[in-house]
Amino acid sequence: MEGSDDPFIDLRERLRRGKGRLRTMGSDYLTYAHLDTIVDQYFPLLEQLGEDIEQLEEQLITYADQEVLRTLHVFKREMILLRKAIWPLREVLGHVERGESTLIHSSTHIYLRDVYDHTIQLIETTETYRDMLAGMMDIYLTSLSNKLNETMKVLTVIATIFIPLTFIVGVYGMNFTVMPELEWPWGYPLVMGVMLMLAIGMLWAFRKKHWI
Amino acid sequence: MEGSDDPFIDLRERLRRGKGRLRTMGSDYLTYAHLDTIVDQYFPLLEQLGEDIEQLEEQLITYADQEVLRTLHVFKREMILLRKAIWPLREVLGHVERGESTLIHSSTHIYLRDVYDHTIQLIETTETYRDMLAGMMDIYLTSLSNKLNETMKVLTVIATIFIPLTFIVGVYGMNFTVMPELEWPWGYPLVMGVMLMLAIGMLWAFRKKHWI
Amino acid sequence: MEGSDDPFIDLRERLRRGKGRLRTMGSDYLTYAHLDTIVDQYFPLLEQLGEDIEQLEEQLITYADQEVLRTLHVFKREMILLRKAIWPLREVLGHVERGESTLIHSSTHIYLRDVYDHTIQLIETTETYRDMLAGMMDIYLTSLSNKLNETMKVLTVIATIFIPLTFIVGVYGMNFTVMPELEWPWGYPLVMGVMLMLAIGMLWAFRKKHWI
Amino acid sequence: MEGSDDPFIDLRERLRRGKGRLRTMGSDYLTYAHLDTIVDQYFPLLEQLGEDIEQLEEQLITYADQEVLRTLHVFKREMILLRKAIWPLREVLGHVERGESTLIHSSTHIYLRDVYDHTIQLIETTETYRDMLAGMMDIYLTSLSNKLNETMKVLTVIATIFIPLTFIVGVYGMNFTVMPELEWPWGYPLVMGVMLMLAIGMLWAFRKKHWI
Amino acid sequence: MEGSDDPFIDLRERLRRGKGRLRTMGSDYLTYAHLDTIVDQYFPLLEQLGEDIEQLEEQLITYADQEVLRTLHVFKREMILLRKAIWPLREVLGHVERGESTLIHSSTHIYLRDVYDHTIQLIETTETYRDMLAGMMDIYLTSLSNKLNETMKVLTVIATIFIPLTFIVGVYGMNFTVMPELEWPWGYPLVMGVMLMLAIGMLWAFRKKHWI
């Protein structure tokens, strides 16, 4: 029970040494000490999460793949569960702080007010992280939309240039016995020239539309 | 009326045995007992839902089809109806707890406070589940967008490589009488080589864009 | 004024008969009676809307066209207007209920509390309906995305299989004088076989991607 | 300063005539009169906006282009700024109404309560308009998605029917010396017949999918 | 410590000169002076941000590229962090203002009330900016959707017109020995005429659909 994972090890140590307020003040102060220990556990956790989120955000801007999305979702889920864990603390401490309990000495009140403020701070921080994660989700989705737009532009440019040209060469691939153009000595270079001009014209139109 | 589905069966049993607080305390305690029984019914229900949601989430990550989406929607709907059922309980118990009724003895107050806290807990849990379901919906929609992007990339890669090549082979399928390239002994392998280089060049360009 | 559409017809009738609390209690009770009549008008309306929404939801799951979307929007708009109509009632009754007016006898308070609770119930119901409509909108949009994905898959499968094949047949449609494959007696069936294998290979690849 | 744009012109006129409550009551009533004048300015503004929004909504349903979207955005922005302008009024009047100031006579309270109620009403109306505008934005986006789906269906139907047919005619455009089908007297009508049946089959499949 | 970046330089100066309320009033007034200095720092910051946002909005309407999106995201993030910084101020000042502390003289209360109002104003302003940024994000996303629709229309129009025509020229490129049309003297112009009419018909259909 007294391994390094025990959050109350420090509290017990202070009680054993028999000094400080823990021994001179009543059971309400002991309650405060426990609550304070519990609430203080969340701060390094949230700090770590905050750093992870910032790191993910940088990753998102550099190169966003589905791995980033999965991590994003894991963070969102953790935030939901964290909030669920912290919220009841606020409820309880809020009641105590409003002086609704006769079990708390007025001298302990100021300490409990402090824990209450810490809890509020924790909740504010999770809300901030949630907002940041929501913003990152938006970036991811927008980058998806942008990529789709890019892909479709490439397809459209290629298709729009080559589909009409392929039609033209198809025309002169027809086997009609009477097709005078085919006999013209300059027919082939003429058709090639017309197609080149068409291609250039379409490229110019796409450039004007800011597509390429 | 006393089948196994009757939630008040236990309450009646305790009344019949004639022991405990139910017989010694007033009608306000009886009211509390009923409210407590009603509120406690929701906990196993919510627990079951929570497990179902976690299971669905795993399914969503592994393989998301429209069946998962439909289940997701059913859960969302149930959550809306659950919330609608629990909310008025909170209102009523909140009024009672704030001491607005003279029908409640002060000794019963602490019990009602307990039921009130349970109701708050129920509402918090449904809110958490709603958040989780909303997050899952987001994952589903993002996976749809990702799939569309994938599909479009495949189409664009195939079309961008083969549409220009098809144009080139179309050119040499034209029936002009004067087309010197057609007479060249190395014309055919030359054109094939040029097309191969074009294809490799485009594949390389797509690789650079991280499309393939 | 006393047609069947007059909501206060019943109230007037009770006043005329000269019996009941309406005549023995003061003007504050009369006010209550009016407020109660007004609030009670909303219940059948909301019930009708609730049934319509459930019906629309079933329609949405069976076959969602733009007609359903339009109806959805009409319901959303009605909900906004209903909420706008009910909200001020809550404000007014909330003030009265908190005992801020000296014009209300304490004996009438319990009645007004009842109307207040009904108003809260109305607001809760509109909120629930709004949530349901928002969920239905989500289903509609997701089904649109799903349909687009389906359409694009069909296009991509067809194009990816036939565009490369069309290129191949184009190659052997070229008119180069020196194209040894064209002279091979088994050239034609060979090319057809290669193309068949290519098509089968691609179909297999699409099957593996769960596209068909 | 006393042009027709001056909102306080009526107030000054009443002061000058030296009659009415403005002269007999104290400076708190004068404050009320000013506040009332300010708040009342917003009502015709909001009414005008409401009519404009309803008109835009009709336009949106008839024919939604980017002009409508721009107007929608302008309205949304105005709503945000209106809300920012009205909100502090509510704060101030809320304080005064809760009797926190000793500068207000109790006889003036009922008037200030009236202005407060008007402010609440203004805020409710802007909220309603915001909801309506959000709903209109949703319609616009859904109509965009619907249009994209329509466009893609047209493309897919055309491409799915003609790309395989083009492949088939390509096959019989190949120049292999040994292609027995080419010599068949009924080869040409046969191929045309097969292609016709293929096209009809695909049209039937699309009809079954409700695409055409 | 007394460089131009020190926000308290003015406060210290006033203390040194030994005049004004700072010397005659107690430590609670000094606290107020510090809080006021801190809160006032935010106003020029927010004003600058407001101007930057308005400028970005104009940019967004003129020409929206990914650079604008990135700036938008930076602003959203700054708003989240600003809100996180200002929120606790409100909490603290709210407590003080509600008279919960005995350390504040009643004469200082009115000053603290002023700082509190400023804090509320700051929060309102950040909320307004957040709404504006969310609206701008919506515009960006809608413009993306519009662009995709435009792109797809271009692709569909081109493909729908030329894919059937390419099929037709492919038909007459087939090498069947018996193809009577090929021998007709007017076969070539006839086919070209039919294709022209088909193209015009499709262009007319697209015009009717408001696609071009």
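In this predicted model, chain D is superposed on chain E by a rotation of 72° with 0.0 Å of shift along its axis, the RMSD being 0.0 Å (least squares on the C-alpha atoms of residues with pLDDT of at least 70 in both copies). This is how a five-fold axis relates its copies. Within chain D, the C-alpha nearest that axis belongs to Gly173(D), at 4.7 Å. Residues are numbered from 1 along each chain as its sequence is written, and chains are lettered from A in the order in which they are written. Local features need pLDDT of at least 70, side-chain atom pairs count only at pLDDT 80 or more, and totals for chains, interfaces and linings use all residues, while side-chain values use heavy atoms, with hydrogens and water left out.

Chain E touches chain D on one side of the story. Here 42 residues of chain D meet 43 residues of chain E, where contact means heavy atoms within 4.5 Å. About 3,800 Å² is buried between chain D and chain E, and carbon and sulfur atoms give 67% of it (buried area is the accessible area, with a 1.4 Å probe, that two parts lose on being put together, summed over both). On the chain D side, the residues that lose the most area to chain E are His73(D), Arg77(D) and Tyr188(D), together 17% of what that side buries.

Four salt bridges cross between chain D and chain E, each a side-chain nitrogen of Lys or Arg within 4 Å of a carboxyl oxygen of Asp or Glu. One of them joins Lys76(D) to Asp138(E), with the closest N and O atoms 3.3 Å apart. Helices H4 (66-97), H5 (106-171), H6 (180-183) and H7 (187-208) of chain D each give two or more residues to the side that touches chain E (helices are DSSP runs of H or I, at least four residues, and are numbered from the N terminus). H5(D) gives the most, with 17 residues.

Now to chain A and chain E. This contact takes 43 residues from chain A and 42 residues from chain E. The two chains bury about 3,800 Å², 67% of it on carbon and sulfur atoms. Phe167(A), Asn175(A) and Phe176(A) lose the most area in chain A to chain E, together 17% of what that side buries. The count of salt bridges between chain A and chain E is four, and one pairs Asp138(A) with Lys76(E) at 3.3 Å, N to O. On the side of chain A that touches chain E, H3 (27-62), H5 (106-171) and H6 (180-183) each give two or more residues; H5(A) gives the most, with 27 residues.
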